[in-house]
Amino acid sequence: MAGRKPLYRDLMTWRAIRNALAGLLAGVAGGVLLGVLIVIWGVTLFTLASGTDDWEHVAVYVGIVLLIMALTPWLVHGLSAMQRSRLRATLGAEIPAPVRPLGRTWHQLAYHLLAVPAGLAGGLLAVLFPVAPWLASRFTQADEGLARVLLGPGRPESLAQRVETLARSRADLVAAADAERRRIERDLHDGAQQRLVSLAMNLGMARERFEAEPEPVRQALAAAHDEAVLALTELREFIRGLHPAVLSDRGLDAALSGLAARAPLPVRLRVDVPKPASPGVEAVAYFIVSEALTNVVKHAQATRAEVSVTRAGDVLCITVTAVDGTLSIDSPPGGPTTITAELPCES
């Protein structure tokens with residue numbers, strides 16, 4: 001372990017030297033290009049301010065000024081891309097480009113103006129890096145930190161990018177979960193359900209064939225047949241609960257209407273969704289209502305229930321109310337018990 005630390009320091013030192021020399025070249029190149037534009041722009045403005053009676057020359061000078069103003073952001077963004085590539089190649093630092101680079105032009109221009117003296121200083125100090133490794137570390141940290149502040153996206157834009165990344169990740173997770181649920185549904189439908197159907201049919205035929213057998217045999221066959229039929233019924237209900245076919249065929253309103261009709265207590269349903277949500281979100285909404293009604297029947301002393309599904313913008317709001325019922329978790333005494341869920345829609 002002791003021998004690794006000097007080796008690590010040497011690697012970091014030479015890495016910093018390489019970064020400093022690359023920064024020197026990039027800074028000088030950027031300084032020359034910007035310097036040429038600034039000199040031309042300044043001379044042109046001075047000539048215009050000095051006054052001239054030749055309107056053709058005035059038009060040319062104005063055109064030069066406007067051309068430089070148009071070229072400067074393009075040049076600044078190109079130099080920024082070069083500097084980000086330099087930091088990635090020498091330090092492995094990933095600095096994302098701003099989504100709206102025009103809003104960060106002045107920050108990037110400030111970096112390139114500072115890069116000229118910083119590059120010269122880094123190049124001159126490069127000969128001291130081997131004898132003063134701490135100098136390499138400090139200079140490298142300052143270089144990378146300044147680039148992140150001025151070349152990368154601003155704080156509001158970084159937060160917006162983070163929110164967008166999280167939204168994409170959430171959408172990917174929902175899609176993956178929906179695909180996995182459909183796979184399980186397909187496997188159950190094509191595998192376990194078919195075997196249970198075959199078992200129930202065989203037991204039914206055996207039950208009819210052995211009608212003349214002793215009572216214990218007939219009772220055993222009858223019990224086995226009844227159990228197979230019950231297991232098949234429960235499996236079909238489970239598959240329907242995973243993703244009812246009506247949800248894919250006719251939408252959330254029809255699926256919830258069937259769920260309300262099968263409930264053992266009166267359910268008042270209101271669905272106001274002008275624009276359908278994504279299939280994954282609708283499946284989650286169906287599952288929420290199904291589980292909520294199941295818990296209402298089991299735990300709330302309710303005489304009826306109300307289900308409301310509305311969409312406001314990109315949010316699907318689900319409200320389940322158990323009238324005259326209580327739930328010990330968050331229901332006030334005497335009710336009503338209310339479960340509310342808000343889902344971001346992705347049509």
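This is a predicted model: local features need pLDDT of at least 70, side-chain atom pairs count only at pLDDT 80 or more; totals for chains, interfaces and linings use all residues.
**Nonpolar cores**

The largest nonpolar core has 27 residues. Within it, Leu252, Val267 and Leu293 touch the most other members. Four elements each supply at least two residues of this core: helix 8 (252-262), helix 9 (279-299), strand 2 (304-312) and strand 3 (315-323). Helix 9 gives the largest share, eight residues.

As a general point, nonpolar side chains tend to be buried together in soluble globular proteins.

Valine 267 deserves a separate note. Setting aside neighbours within four places in sequence, valine 267 is in contact with Ala260, Leu293, Ala305 and Val307.

**Helix 9**

Helix 9 has 21 residues. At 1.5 Å a residue, helix 9 should span 30 Å. The C-alpha atoms at its ends are 30 Å apart, so the model agrees with that expectation.

The buried residues of helix 9 are Gly280, Val281, Glu282, Ala283, Ala285, Tyr286, Val289, Ser290, Ala292, Leu293 and Val296. Leu293 is also one of the residues that touch the most other members of the largest core.

**Arginine 104**

Where does arginine 104 sit? Arginine 104 is found in the loop between helix 2 (55-91) and helix 3 (105-125). Arginine 104 has a relative accessible area of 11%, so it counts as buried, the cut-off being under 20%.

Two backbone oxygens take part in polar contacts with this side chain. The backbone oxygen of valine 149 lies 2.5 Å from a polar atom of the arginine 104 side chain. The backbone oxygen of glycine 152 is reached by the side chain of arginine 104 at 3.2 Å. Beyond neighbours within four places in sequence, arginine 104 is in contact with Pro98, Val149, Leu150, Gly152, Pro153, Gly154 and Glu157.

**Salt bridges**

How many salt bridges does the structure hold? The structure holds seven.

| Glutamate 144 | Arginine 148 | 3.1 Å |

Glutamate 144 and arginine 148 are four residues apart in helix 4 (residues 133-151), so about one helical turn separates them. Glutamate 144 is partly exposed, with a relative accessible area of 24%. Arginine 148 is partly exposed as well, at 37% relative accessibility.

Glutamate 215 and arginine 218 are three residues apart in helix 6, so about one helical turn separates them. Glutamate 215 is partly exposed, with a relative accessible area of 38%. Arginine 218 is partly exposed at 29%.

Aspartate 314 is exposed, with a relative accessible area of 54%. Arginine 311 is buried, at 13%.

**Glutamine 219**

Glutamine 219 is found in helix 6 (residues 215-242). Is glutamine 219 buried, exposed or partly exposed? Its relative accessible area is 47%, so glutamine 219 is partly exposed. Glutamine 219 and arginine 207 are 12 residues apart in sequence. Their C-alpha atoms are 9.1 Å apart in space.

Methods. Residues are numbered from 1 along each chain as its sequence is written. Side-chain values use heavy atoms; hydrogens and water are left out. Buried means under 20% relative accessible area, exposed over 50%, partly exposed in between (1.4 Å probe, protein chains only). A nonpolar core is a set of buried Ala, Val, Leu, Ile, Met, Phe, Trp, Tyr and Cys residues joined through side-chain atoms within 4.5 Å. Contact means heavy atoms within 4.5 Å. The expected span of a helix is 1.5 Å times one less than its number of residues. A polar contact is a pair of N or O atoms within 3.5 Å; within protein, one must be able to donate a hydrogen and the other to accept it, and residues adjacent in sequence count only if both atoms are side-chain atoms. A salt bridge is a side-chain nitrogen of Lys or Arg within 4 Å of a carboxyl oxygen of Asp or Glu.
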